[in-house]
Amino acid sequence: MRYLFLSLFCSLFVLNLHGQESFKDTITLQEVKINKKKLKVVTVKQGKDKQKIGNGFFKTVPTQIFFIENLPYGTIQEIRLHFMWMVVKSLPDSKPINTNILETTYELPIFDVKENQLGNKKNKTPIQVTIPEGRKSEPSVTVDLSKLSFTTDKLLVELKRVSPLPCSECKMYIPYGYDASTPNNTKDIGQQNRRGSSKPPSNVNLNFGLLCEIKTLTREY
């Protein structure tokens, strides 16, 4: 009996010691909070409360690039662009020979931004943005970007006029911009392209922002 009691005591002692060692090795997990917000489409207007300006530089500089930032982090869904009309060459006391605004087409490549530099092109085939001939003075065009699966909070939008200039007295469509003379990160991107990088040869417009609305599928709202 004495040996049985001694054997039982030793077993309990070993189990207690093992339990203490196991307790020392226990890792306590801290509470992890998960963002339970549902995905929601949020619209951000670039140029809100800014002075609207017709970007007539597209007449002589057909390719320009714009930096869009301060978006909620998420997947870009669409961009809505705004246009106005202009006469190619306004002459004193002359009137346009055509009351209609001629069809005007732009290409729309989308780029990501990495360390304030022009990144990868997100759409391999440029999107065609065509404003049909008509008399509408300020049309808008909505472009679906959801198929790009582009998740970001900033991007670069390039617009390239591919339509030829019409006659001097004819009307054409140009993108609406806004006064963006306040310096921003586009300065670095512009210097990179002017140094002759291998990136697409685009002109970063430091004085004009692109008047547009961006819709993003996000949890940041």
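**Note on the cross-links, strand pairing and side-chain contacts**

1. The link of C167 and C170 is right-handed, with 85° about the S-S bond. This disulfide (cysteine sulfur atoms within 2.5 Å) joins C167 to C170 at an S to S distance of 1.9 Å. The count of disulfides comes to one.

2. The model is predicted: local features need pLDDT of at least 70, side-chain atom pairs count only at pLDDT 80 or more, and totals for chains, interfaces and linings use all residues. Residues are numbered from 1 along each chain as its sequence is written, and side-chain values use heavy atoms, with hydrogens and water left out.

3. Strand β8 covers residues 127-131, and its side chains alternate between two faces. Strands here are DSSP runs of E with at least two residues, numbered from the N terminus. Strand β5 (residues 104-108) pairs with β8 in the antiparallel sense over five bridges, where pairing requires that DSSP find at least two bridges between the strands. V129 in β8 has Y106 standing opposite.

4. Y106 also belongs to an aromatic cluster, in which ring pairs link F58, F83 and Y106. Rings of Phe, Tyr and Trp (its six-membered ring) pair if their centres lie within 6.5 Å; planes under 30 degrees apart are stacked, those over 60 are edge-to-face and the rest are tilted. The count comes to three aromatic pairs. The ring centres of F57 and F208 are 5.7 Å apart and their planes are at 75°, so this pair is edge-to-face. F57 lies in the loop between β2 (52-54) and β3, and F208 in strand β14 (residues 208-210), so the pair ties together parts that are 151 residues apart in sequence. F57 is partly exposed because its relative accessibility is 47%; F208, with a relative accessible area of 12%, is buried.

5. The charged end of K37 sits over the ring of Y221, 4.6 Å from its centre. The charged end of K171 sits over the ring of W85, 4.2 Å from its centre. The criterion is that NZ of Lys or CZ of Arg be within 6 Å of the ring centre and within 35 degrees of the ring normal.

6. Q64 is found in strand β3 (residues 63-68) and is buried, because its relative accessibility is 2%. Its side chain makes a polar contact with the side chain of N55 at 3.4 Å, and the side chain of Q64 also reaches the backbone oxygen of V61 at 3.3 Å. A polar contact is a pair of N or O atoms within 3.5 Å; within protein, one must be able to donate a hydrogen and the other to accept it, and residues adjacent in sequence count only if both atoms are side-chain atoms.

7. A search of the whole structure finds three salt bridges, each being a side-chain nitrogen of Lys or Arg within 4 Å of a carboxyl oxygen of Asp or Glu. K52 and E138 meet in one of these, at 3.8 Å from N to O. This pair links distant parts of the chain, with K52 in strand β2 and E138 in the loop between β8 and β9 (140-144), 86 residues apart. K52 is partly exposed, with a relative accessible area of 43%, and E138, at 43% relative accessibility, is partly exposed.

8. E78 and K215 meet in a salt bridge at 3.6 Å, N to O. The pair links distant parts of the chain: E78 is in strand β4 (residues 74-87) and K215 in strand β15 (residues 212-218), 137 residues apart. E78 is partly exposed because its relative accessible area is 22%, and K215 is partly exposed at 32%.

9. The side chains of K154 and D153 likewise meet in a salt bridge, at 3.4 Å from N to O. K154 is partly exposed, with a relative accessible area of 27%, and D153 is partly exposed, with 28%.

Key: Buried < 20%, exposed > 50% of the residue type's maximum accessible area, 1.4 Å probe, protein only. Helix = DSSP H or I, 4+ residues; strand = E, 2+ residues; numbered from the N terminus.
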